[in-house]
Amino acid sequence: MLGLDLGEKRVGMAIADSLTRVATPLQTAEIRGKKHLAELLRPIIADHAVEMIVVGLPTTLRGEMGPAAQRIAADVEWLKSQVRVKWVFWDERLSTQEVERVLVDADVSHRKRKEVRDQLAAQRILQNYLDFHEANKRQGKDEA
């Protein structure tokens, strides 16, 4: 699985396999539009045998689709035709802000925070997705 924290200028990526169920930060990449993102994703998907992409969806605090979530949903809809894997959304409300707070508390420099913030947000999104589904499997509620 590949987790994405999809911004307008950068994408954070994290990876996990179905055996370990642990998300690991992968990279942060500058992006120049949907076509460029698709070109970046293809070799990563091939190299890591990715079967599913979990995309953070920044809904509002009320759980509604604001402008950022609508942009991401539209981008993913286009990407689905270019990158043929299973795509799912995962609520990522405030994940980037939480990661930023942890990095500031750890006294990580601004420059280093910028390098890792998006991939750590992607890791958090993917790990939350994995943890939720693992907990539901144990309770017999999840079919995924």
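**Figure 1. Phenylalanine 132, a partly exposed aromatic residue of the predicted model**. The relative accessible area of phenylalanine 132 is 41%, and the residue is therefore classed as partly exposed, a category that lies between the limits of 20% and 50%. Tyrosine 129, in contrast, has a relative accessibility of 6% and counts as buried, because the limit for burial is under 20%. The ring of phenylalanine 132 pairs with that of tryptophan 90 in a tilted arrangement, with 5.2 Å from centre to centre and 55° between the planes. Phenylalanine 132 belongs to helix α4 and tryptophan 90 to strand β5, so this pair ties together parts that are 42 residues apart in sequence.

**Figure 2. The aromatic cluster of Trp90, Tyr129 and Phe132**. Two aromatic pairs are counted in the model. In one of them, the ring centres of tryptophan 90 and tyrosine 129 are 5.4 Å apart and the planes stand at 90°, so the pair is edge-to-face; the cut-off for this class is over 60 degrees. Tryptophan 90 is part of strand β5 (residues 86–91), whereas tyrosine 129 is part of helix α4 (residues 110–138), so the pair ties together parts that are 39 residues apart in sequence. Through ring pairs, Trp90, Tyr129 and Phe132 are linked into a cluster.

**Figure 3. Packing of helix α1 against helix α2**. Helix α1 comprises residues 34–48 and helix α2 residues 67–82; their axes are 10 Å apart and form an angle of about 50°.

**Figure 4. Residues at the contact of α1 with α2**. Helix α1 contributes Lys34, Lys35, Leu37, Ala38 and Arg42, which meet Asp75, Trp78, Leu79 and Gln82 of helix α2. By residue class, the contact of α1 with α2 consists of four nonpolar, four charged and one polar.

**Figure 5. Alanine 49 in the loop between α1 and β4**. This loop lies between helix α1 and strand β4 (52–57). Most residues other than glycine have a negative phi. Alanine 49, however, has a positive phi, near 50°, although the residue is other than glycine. With a relative accessibility of 57%, alanine 49 counts as exposed, because the threshold for that class is over 50%.

Terms used: Residues numbered from 1 in each chain as written. Predicted model: local features only at pLDDT ≥ 70, side-chain atom pairs only at ≥ 80, totals over all residues. Heavy atoms only, no water. Phe/Tyr/Trp six-rings, centres within 6.5 Å; stacked < 30°, edge-to-face > 60°. Helix = DSSP H or I, 4+ residues; strand = E, 2+ residues; numbered from the N terminus. Buried < 20%, exposed > 50% of the residue type's maximum accessible area, 1.4 Å probe, protein only. Axes fitted to C-alpha atoms, helices over the stretch in contact; angles between N-to-C directions. Contact = heavy atoms within 4.5 Å. Nonpolar A, V, L, I, M, F, W, Y, C, P; charged D, E, K, R; others polar.
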